[in-house]
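I opened this notebook to record what I looked up in one structure. The entries follow the order in which I consulted it.

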Amino acid sequence: MRKTIIAGNWKMHKTVAEARELAQGLVNGVKAELGSAALPDIVLCPTFVCLPEVLTTVKGSSLAVGAQNMDYRDSGAFTGEIAPGMLTSIGVSHVIIGHSERRQYFGETNESVNAKTRAALKHGLIPIVCVGETLAEREENRTDDVIKQQIKAGLAEISVEDAAKLVIAYEPVWAIGTGKNCEVNEANRVCKMIRATINEIYGQAGGTVADGIPVLYGGSVKPSTIDEQMEQSDIDGALVGGAALKVEEFLPIIKGGAKRHQLSASRA
Ligand code: PGA
């Protein structure tokens with residue numbers, strides 16, 4: 001049975017006080033509205049400065065906390081960077097790697113994504129590795145090639161044991177923050193293709209490792225889209241930006257994930 005994961009990427013939003021308020025609202029909301037129901041993995045990803053406060057706020061709840069980025073090195077003279085061991089030292093469990101905004105504005109490449117993914121795994125962090133095509137790439141019918149390349153290069157030299165710990169997020173760049181959803185059958189097709197590509201990489205020795213790897217969809221996920229997305233065979237959750245910034249929008253998305261989680265648990 002694959003995990004269902006609902007992750008909120010808060011990007012460069014929220015002061016420490018605002019982050020505390022949002023996290024507390026979500027903790028209360030999950031408790032009040034989902035009570036003792038079986039929950040999907042819920043991961044909040046605030047900015048670095050808000051991580052300690054959000055960790056304190058979710059303590060004792062079932063919510064987990066992730067970072068939005070990190071350096072791949074352990075320490076050193078790299079002004080402005082944050083090392084993986086610093087994240088684990090405060091209780092961070094997940095890290096988003098290679099978000100398209102990092103690739104677009106901060107020069108990240110498949111190679112840096114690979115270095116960071118390996119570093120995260122080495123330090124026991126769960127990497128949420130982001131892949132996705134731009135609008136131009138989609139219009140040139142290069143979607144599958146681009147994503148296969150991102151997956152193959154991004155997962156280079158990662159053992160099959162480590163690969164089993166990964167989470168992948170399919171985020172078409174043109175759907176992020178635009179209000180445009182990738183049509184749900186197409187999103188499901190790409191998520192399935194990602195899984196097939198990973199199984200191909202690991203070949204016979206890896207068997208069907210990817211069948212256990214959660215593949216999330218991201219790109220303008222909203223309360224109104226989540227149910228249909230969570231009904232698909234190969235979309236195991238959501239990476240949510242804009243709609244993760246308000247309790248009244250993120251809570252229904254968490255509920256959508258909980259439905260999928262409960263359904264797949266009953267089938268297992
Ligand atoms: P969005 O962002 O939900 O605002 O489109 C998703 C993301 O960037 O992860």
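**Entry 1: the model.** I noted that this is a predicted model, in which local features need pLDDT of at least 70, side-chain atom pairs count only at pLDDT 80 or more, and totals for chains, interfaces and linings use all residues. Residues are numbered from 1 along each chain as its sequence is written, and side-chain values use heavy atoms, with hydrogens and water left out.

**Entry 2: the ligand.** Which residues come nearest to the ligand? I found Lys-11, His-99, Glu-171, Gly-177 and Ser-220, out of 13 residues around the ligand (a residue is near if one of its heavy atoms lies within 4 Å). The shell divides into 4 nonpolar, 7 polar and 2 charged residues. In this sorting Ala, Val, Leu, Ile, Met, Phe, Trp, Tyr, Cys and Pro count as nonpolar, Asp, Glu, Lys and Arg as charged, and the others, Gly among them, as polar.

I then looked up polar contacts (pairs of N or O atoms within 3.5 Å; within protein, one must be able to donate a hydrogen and the other to accept it, and residues adjacent in sequence count only if both atoms are side-chain atoms). A polar side-chain atom of Lys-11 lies 2.7 Å from a ligand oxygen. For a side-chain N or O atom of His-99, the distance to an oxygen atom of the ligand is 2.6 Å. Gly-177 places a polar backbone atom 2.6 Å from an oxygen atom of the ligand. The ligand taken alone exposes 280 Å², of which the protein buries 95% (Shrake-Rupley method, 1.4 Å probe).

**Entry 3: Ser-220.** Is Ser-220 buried or exposed? I recorded it as buried, because its relative accessible area is 12% and buried means under 20% (1.4 Å probe, protein chains only). The side chain of Ser-220 has a polar atom 2.7 Å from the backbone oxygen of Ala-175, and this side chain reaches the backbone nitrogen of Gly-179 at 2.8 Å.

**Entry 4: the pockets.** A pocket is an open set of points on a 1 Å grid over the protein atoms alone, where a 1.4 Å probe fits, with protein on both sides within 12 Å along at least five of seven lines; lining residues have an atom within 4 Å of a point. The largest pocket has a volume of about 390 Å³ (the space filled by probe spheres set on the points). Its lining has 13 residues, and Lys-11, Met-12, Gln-68, Arg-102 and Phe-106 are the closest to its centre. The lining of the largest pocket divides into 5 nonpolar, 5 polar and 3 charged residues.

The second largest pocket holds about 330 Å³. Its lining divides into 3 nonpolar, 5 polar and 9 charged residues.

How values were computed
Buried < 20%, exposed > 50% of the residue type's maximum accessible area, 1.4 Å probe, protein only.
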